[in-house]
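Welcome, and please take a moment with the sequence and the model below. A short tour follows, meant to be read with the structure open.

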Amino acid sequence: MITTVYCSFCGKEEADGDHVVCRQRLSVIDPPRYCAECARRMVVQVTPDGWTARCSRHGEIGPGHE
């Protein structure tokens, strides 16, 4: 389970501002761009079958992560 401190879409703190649009984008179209635990920019690989995102500190996640 990931401890969500930062927004995976914009990289800002979850407690700082409204992230409704970010959550909509993440649930429909876009893979996460920032690690939810440390806000590091992640390496994202998009394929026809889906996507993976890898944080250099916290590892790889895929669709359906929480």
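The report goes from the overall fold to a histidine and then to the salt bridges.

This is a predicted model, in which local features need pLDDT of at least 70 and side-chain atom pairs count only at pLDDT 80 or more, while totals for chains, interfaces and linings use all residues. Residues are numbered from 1 along each chain as its sequence is written, and side-chain values use heavy atoms, with hydrogens and water left out.

**Overall fold**

Helices here are DSSP runs of H or I with at least four residues, and strands are runs of E with at least two. The radius of gyration, taken over C-alpha atoms, is 11 Å, which agrees with the value near 11 Å for a compact globule of 66 residues. That rule is 2.2 Å times the number of residues to the power 0.38. Along the principal axes, the C-alpha atoms fill a box of roughly 35 × 25 × 20 Å. Of the 66 residues, 24% count as buried, meaning under 20% relative accessible area; exposed is over 50%, and partly exposed lies in between (1.4 Å probe, protein chains only).

An unreviewed UniProt entry annotates residues 42–61 as "domain: Biotin synthase auxiliary protein C-terminal"; such annotations may be inferred rather than shown by experiment. Residues 42–61 are 0% helix and 70% strand, with end C-alpha atoms 10 Å apart.

**A buried histidine**

Is H19 buried or exposed? H19 is buried, at a relative accessible area of 3%. H19 lies in the segment before α1 (20–28). Beyond its neighbours within four places in sequence, H19 is in contact (heavy atoms within 4.5 Å) with C7, C10, K12, E13 and E14. The H19 side chain also reaches the backbone oxygen of D16 at 3.3 Å.

**Salt bridges**

How many salt bridges does the structure hold? There are two, each defined by a side-chain nitrogen of Lys or Arg within 4 Å of a carboxyl oxygen of Asp or Glu.

| Salt bridge | Closest N and O atoms |
|---|---|
| R23 and E14 | 2.8 Å |
| R25 and D30 | 2.6 Å |

In the pair of R23 and E14, R23 is partly exposed at 46% relative accessibility, and E14 is partly exposed at 23%. E14 is also one of the residues in contact with H19. In the other pair, R25 is partly exposed at 35%, whereas D30 is buried, with a relative accessible area of 13%.

Definitions and conventions
A polar contact is a pair of N or O atoms within 3.5 Å; within protein, one must be able to donate a hydrogen and the other to accept it, and residues adjacent in sequence count only if both atoms are side-chain atoms.
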